[in-house]
Every structure is written in structure tokens, then in C-alpha cells.
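Reader: Hi! Could you walk me through this one, starting with how the helices sit together?

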Amino acid sequence: MYVGEAVFRVATTREAAKAVFSKSVSRVEVETHSFCNRRCNYCPNVVGDRLGQNKQMNLDHWKMILSNLAEIDFSGNFVFTSYNEPLADRSILERLVEARAACPKARLMIYTNGDYLNATYLDEIASAGLDYLHVSIHTRHNGQYSDVDALNLIAKLERRVKRPITYKTLRPGNFVIAAMPHPSLEVEVRAINYNQHGTDRAGLVDVVKTPPARTAPCHFPFAHFHVGFSGNVTPCCHIRSDAAEHAQFLHGNLSAFGSIYEVWASQVGAAWRRELISPMPKRSPCNTCSVGFLDGKEGSRAQAELVWRRLIAAGVVQSPETDADSHHGNTGATS
């Protein structure tokens with residue numbers, strides 16, 4: 001996590017934005033289409049608004065993302081995921097080939113519910129350049145987690161994909177973690193009790209446990225870059241790019257910028273980072289987020305607080321006493 005002063009200020013040129021993006025961003029998440037076939041009650045998709053027409057990402061947006069990442073020889077995690085089901089649209093194979101060509105050093109990753117996965121498709125995505133596949137097992141009892149159901153569904157996946165699955169961790173009532181050996185692809189299979197370990201997705205779902213009010217800093221707006229199918233850019237994966245409730249929190253749309261660097265290093269992006277480096281109580285939509293900060297250790301939080309205090313002393317961020325009226329998001333952010 002890079003915390004140089006530049007990440008807290010608006011980049012005034014494309015080259016400045018490119019430089020700070022390259023130092024900072026290690027994970028890029030892209031939603032290449034809109035459709036998801038499920039309505040899990042611990043996900044915003046429970047309302048069914050991702051079941052209709054499958055909307056593809058604008059090719060101009062996709063080409064911008066690829067060309068910009070190629071320009072900096074991106075070597076981080078390039079992830080095909082968000083609130084869609086990546087494998088529901090077989091154009092994902094073409095997108096993987098294109099991403100591999102543009103970013104030969106990146107780690108290409110997919111998070112899937114596994115519903116469309118079979119032996120042939122698994123080999124196809126591996127041949128297209130995928131490095132890591134995360135298969136999320138969603139149990140069937142009206143969103144309520146069941147170890148028995150999770151194990152049965154993993155066994156069903158094993159038969160469908162025709163590959164053995166080895167179990168790594170089982171914590172009753174909480175999660176099952178397993179692996180599926182493959183010659184060229186890391187495949188991890190997880191069943192998680194999201195009612196215990198999920199988040200409220202920035203206030204969009206209410207079935208998960210509500211944690212104490214958040215004071216911890218957050219590294220997502222520093223190290224991550226998230227683009228929804230419409231080209232809307234969000235500060236983290238818990239904010240949905242097409243939810244009306246989250247519109248005020250977006251960085252903006254790729255169409256309004258000359259590069260992904262300039263979106264990330266914009267006024268809104270810098271404002272998010274100034275707010276989320278602090279140890280102060282967080283405001284909506286971050287106040288109920290339970291995601292840990294970096295390694296979760298107190299030492300990391302103490303280091304972040306030192307950075308925050310140096311920024312106050314340098315006049316980059318305001319002290320708590322004078323910051324009562326400012327807010328992150330695309331309204332009211334300051335440079």
C-alpha cells in the first residue's frame with residue numbers, strides 16, 4: 001500500500017496520474033458484462049435486477065483499460081469479477097486472451113459461482129490464460145449456510161468437472177475451503193457462511209451481522225481499481241457500480257476521463273483516500289464495513305495513523321476539528 005503524499009492530492013496531468021497509479025494499484029477488477037443467474041439473499045442481486053438483459057461492457061472502455069494497463073506493464077492481479085457471473089457469457093474467453101496479451105505479467109483471476117463450469121470450460125479458461133479460479137459454493141437453504149449442503153454441492157461440482165477435490169479447511173458453521181488440482185491453473189473452492197462473514201455491501205443487504213461502527217482505515221481505495229459493466233468506477237468492491245443508492249459514491253464514468261489513471265487520481269479518488277487513512281469513525285457507506293485493514297494487526301493501524309497525522313501537519317488533510325462538513329464521494333469532495 002503506497003501512501004506517498006501524491007495519492008492524497010489530485011493529479012493535475014495524465015503523466016502524474018499514471019505515475020501514482022502505477023505505484024499504488026495492485027488489483028484491477030473489471031465487470032465485463034452485467035448478468036448474474038443467482039439471487040443470493042446476502043448479495044445486492046437478491047432483487048433480481050441482474051437477471052434481465054445481459055449488458056456488455058462498452059468495447060471502448062475495455063480497450064482503454066487494456067491499453068492503459070499495458071502502458072505501465074501491469075503485473076498485479078487482473079480480476080474478472082463484481083456483481084455479475086463471469087462464466088455466464090462465453091465472451092469471457094476472448095476477454096481473457098486479450099488481457100493476457102496486454103498484460104503478460106499480470107495474474108488473471110475469476111470469481112465464479114461455478115454453475116456454468118464443466119470439464120471442457122475449465123480447460124478452455126485455462127488455455128485462454130487464466131491463472132486463478134475461485135469457485136464460490138452457495139448453499140441452497142434460503143441463503144442459510146449448511147455444512148452438509150456445502151459438502152454435497154462440492155461433491156456435485158467434483159463430479160461435473162471430473163476432477164478430484166482436496167479439502168484444506170473445515171470450520172463447522174463457518175466455511176469449507178478446498179482445492180481442485182489442475183496442471184496449469186490454481187482452482188480454489190470455498191463455501192462461506194456469509195451471514196457470519198459477509199458484509200452489508202455498503203448498506204445494500206441487511207442479513208449479515210452488523211459489526212461495531214468502523215474506525216479502522218481501509219486500503220481498498222489505495223491499492224484497488226474497480227470498473228462496472230457500464231464503465232462506472234467505484235472506490236471498492238462493496239459499492240455496486242449500477243446501484244442508485246451508491247451513485248453519490250462513484251468516481252465517475254470512464255467516458256469522462258482520458259485514462260483509468262486519471263479516474264483513480266481524480267478529485268473523488270483523492271478524497272476517498274484522505275478520509276480512509278484516518279483512525280476516525282467512518283461515515284456512510286463505510287461505517288458498517290467489517291473488512292480488515294491490511295493484515296489486521298494493530299501495528300498496521302498505528303502506521304496508518306502516523307501517516308494521517310503527518311498529512312494533517314502538512315495541510316494535506318484537515319484535522320477532525322475542522323473536517324466536520326467535508327465528505328467523500330462525488331459531491332462535496334475537495335482537492
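Author: Happy to! In this predicted model, α2 and α3 are roughly parallel to each other.

Reader: At roughly what angle do the axes of α2 and α3 cross, and within what distance do they come?

Author: The axes of helix α2 (residues 59-71) and helix α3 (residues 92-102) cross at roughly 30° and come within 9 Å. Angles under 35 degrees count as roughly parallel, so α2 and α3 get that label.

Reader: Nice. Which residues make the contact?

Author: From α2, Leu59, Trp62, Leu66 and Ala70 take part, and α3 brings Arg95, Glu98, Ala99 and Ala102.

Reader: And helix α1, which residues are buried there?

Author: In α1 (residues 14-24), the buried ones are Ala17, Lys18, Val20, Phe21 and Ser24. The buried residues of α1 pack against α2 again, along with β1 (27-30), α7 (220-223), β8 (224-227) and α8 (260-264).

Reader: Switching topic: is Asn195 buried or exposed?

Author: Asn195 is buried, since its relative accessible area is 11% and the cut-off for buried is under 20%. Asn195 belongs to helix α6 (residues 194-197).

Reader: What is Asn195 in contact with, leaving aside neighbours within four places in sequence?

Author: Asn195 is then in contact with Gly143, Gln144 and Tyr145, and also with Val207, Val208 and Lys209.

Reader: Last one, the surface. Which residues make the nonpolar patch?

Author: Leu151, Tyr167 and Leu170 make a nonpolar surface patch of about 270 Å². Of these, Leu170 lies in strand β5 (residues 166-171) and counts as partly exposed because its relative accessibility is 46%.

Key
Residues numbered from 1 in each chain as written. Predicted model: local features only at pLDDT ≥ 70, side-chain atom pairs only at ≥ 80, totals over all residues. Heavy atoms only, no water. Patch = residues over 30% accessible without salt bridge, like charges linked within 9 Å, V, L, I, M, F, W, Y side chains within 5 Å. Areas by Shrake-Rupley, 256 points an atom, 1.4 Å probe, with all protein chains shown as cover. Salt bridge = Lys/Arg side-chain N within 4 Å of Asp/Glu carboxyl O. Helix = DSSP H or I, 4+ residues; strand = E, 2+ residues; numbered from the N terminus. Buried < 20%, exposed > 50% of the residue type's maximum accessible area, 1.4 Å probe, protein only. Axes fitted to C-alpha atoms, helices over the stretch in contact; angles between N-to-C directions. Parallel < 35°, antiparallel > 145°, perpendicular 65-115°, else oblique. Contact = heavy atoms within 4.5 Å.
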